[in-house]
Amino acid sequence: MDNQAQNIDSKNNERVANLKKELLDQDFRDSVGTISKEGKRNYIFPQKPFGKLYNLRSYFSYFYLVLFFTLPFIKIEGEPMFLFNVLERKFIFFGQVFWPQDFFIFAIGLLTFLVFVILFTVAFGRLFCGWACPQTIFMEMVFRKIEYWIEGDANQQRKLKAMPWNAEKIRKRVTKIIAFFLVSFLIANFFLGYIIGIDRVGLMIQEGAIVHFGVFSSLVIFTFIFFFVYYWFREQVCLIVCPYGRLQGVLLDRNSIVVAYDYVRGEPRGKLSDTIERKGDCINCSACVRVCPTGIDIRNGTQLECVNCTACIDACDEIMEHIEKPTGLIRYASENNIAKKEKTTYTWRLKLYTGVLLLLLSFLAVLLITRDDVSARVLRTPGQMYQKLPDGKISNLYNIKLANKTRKIIHIDLKLENLDGEIKMINQVDVPKESYYQTSFFVILRGTTIKKRKTEIKIGLYEDGQRIETVSAIFIAPSL
Ligand code: SF4
Ligand code: SF4
């Protein structure tokens, strides 16, 4: 019985090895499907997808689109919930304002996000690309749908491209350009809303482009970029520009779950009408290739171009139902699921990344919880040494720069913490909300207090009698 099982196993392994060799012998990896032999762009006309996964992805995309168009209007204490104002270096996440002073938190946050992306990709491949990436959502669920509506399905689009410039072609192309441009303009408005705030975009609309020329120029530039991307550049963003796609080669392993063709079950492929004895389930109908928005044949194995959009799964499932075979010839599966019939496991690599992620998340949580509302920097005023006062005391002049990260005006009092002395302010310290404030102050010490030429002083920052921060500085006195 054992011998029999071993024989079956070795035959199975041999078959898998032969199939892999056959697949690898093909030259599909030597070229990119969207570039012709002459180096020109092969424009793709993917067939309109349909099926369970496509419907599910559509529902997800409606949810994301609603979020995208409503989030800029949601405010917390008068400020947007999310803002990525790179120009003014102001960032708001879930209503929390982050400043350049929070760079360390920002860097740890980015690192945590990066480890999360790595962990997620090692486990599930490009699941994000197919189900949540804004590029895929806008391309496949907005612009592609408009295109199908105006120009029809893939074959009609090909015919339209090939036909001479007659009234029908001009009408359809002009309609498409106008529709794409208007949607690009709409997206650009909201995109800008995430950068400078939707109120400023609204102000520009009310008061006119001339008054807000900078905002208007950005809007025009973004509109043209979106139009260019969705009208012409399309899948090239995922193939050429996106760094995440390029990372797949190093992140995926034999246990990563990706959209995959079950070559063990599908090969050798052949038409239904073929008279040769066929063992594989793939009937070589090319339905999976026709729907692919990046123009690849998933039967060649995992490829850089695959954005895991699942269109080929739906297409193949429909064929399988039609020929009364089990669905899932193309499905979410790992190489080990297919080749060795192994179950998906929580590998040591995933455990390691999970450990690192948990550590980083804990560190980030501590940083966020202990984050200061006010940050201060005290420096001795340049060019000033010390002043001898008539009563024998010594004074030093300092500059203080404060950042108020809260949404209220903060009044700050300064107190000397480690020495007996006095602080004399040049101005009152009222730091406007979400702003920087700079002023100067004197520290005055009695000669008897000073024991050496350079003395470290600690200055406490108090708000409503509560110490909120302590900063250090050096006090200089005449040589003793
Ligand atoms: S191979 Fe399938 S999942 Fe990958 S991009 Fe093409 S249709 Fe989408
Ligand atoms: S859709 Fe399925 S049966 Fe048709 S070619 Fe693709 S894998 Fe083979």
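Does arginine 234 count as buried or exposed, and at what relative accessibility? At 2% relative accessibility, arginine 234 counts as buried; buried means under 20% relative accessible area, exposed over 50%, and partly exposed in between, with a 1.4 Å probe and protein chains only. The model is predicted: local features need pLDDT of at least 70, side-chain atom pairs count only at pLDDT 80 or more, and totals for chains, interfaces and linings use all residues. Residues are numbered from 1 along each chain as its sequence is written, chains are lettered from A and ligands numbered from 1 in the order in which they are written, and side-chain values use heavy atoms, with hydrogens and water left out.

Backbone geometry was examined next. Most residues other than glycine have a negative phi, and most peptide bonds are trans. Arginine 234 has a positive phi, near 45°. This residue sits in the loop between helix H9 (213-233) and helix H10 (236-241). Helices (H or I, at least four residues) and strands (E, at least two) are DSSP runs, numbered from the N terminus. Glutamate 77 also has a positive phi, near 50°. Its place is the loop between strand S1 (75-76) and strand S2 (79-80). Glutamate 77 is exposed, at a relative accessible area of 64%. A cis peptide bond leads from glutamate 267 to proline 268, with omega near -5°. Proline 268 belongs to the loop between helix H12 (263-266) and helix H13 (287-290).

Two ligand sites follow. Around ligand 1 stand 13 residues, a residue being near a molecule or strand if one of its heavy atoms lies within 4 Å of it. The closest are Cys292, Cys306, Cys309, Thr310 and Cys312. This shell has 10 nonpolar, three polar and no charged residues. Here Ala, Val, Leu, Ile, Met, Phe, Trp, Tyr, Cys and Pro count as nonpolar, Asp, Glu, Lys and Arg as charged, and the others, Gly among them, as polar. Ligand 2 is surrounded by 13 residues, the closest being Cys282, Cys285, Ser286, Cys288 and Cys316. H13 and helix H14 (311-322) each supply at least two residues of that shell. Its residues divide into 10 nonpolar, two polar and one charged.

Helix H2 (residues 52-70) packs on helix H7 (residues 167-196) at about 60°, with axes 9 Å apart. Axes are lines fitted to C-alpha atoms, for helices over the stretch in contact, and angles run from 0 to 180 degrees between N-to-C directions. H2 and H7 are therefore oblique to each other; angles under 35 degrees count as roughly parallel, over 145 as roughly antiparallel, 65 to 115 as roughly perpendicular and the rest as oblique. Leu67, Phe68 and Phe69 of H2 meet Leu186, Ile187, Phe190, Phe191 and Tyr194 of H7, contact meaning heavy atoms within 4.5 Å. These residues comprise eight nonpolar, no polar and no charged.

Strands S3, S4 and S5 form an open antiparallel sheet in the order S3-S4-S5. Two strands pair if DSSP finds at least two bridges between them. Strand S3 (83-85) and strand S5 (96-98) are edge strands with a single partner each, so one side of each lacks a neighbour in the sheet. The twist averages 20° from one strand to the next. Three bridges join S3 to strand S4 (residues 90-93). Asparagine 85 stands opposite lysine 90.

Side chains alternate along strand S11 (residues 410-416). Ile410, Ile412, Leu414 and Leu416 point to one face and are buried.
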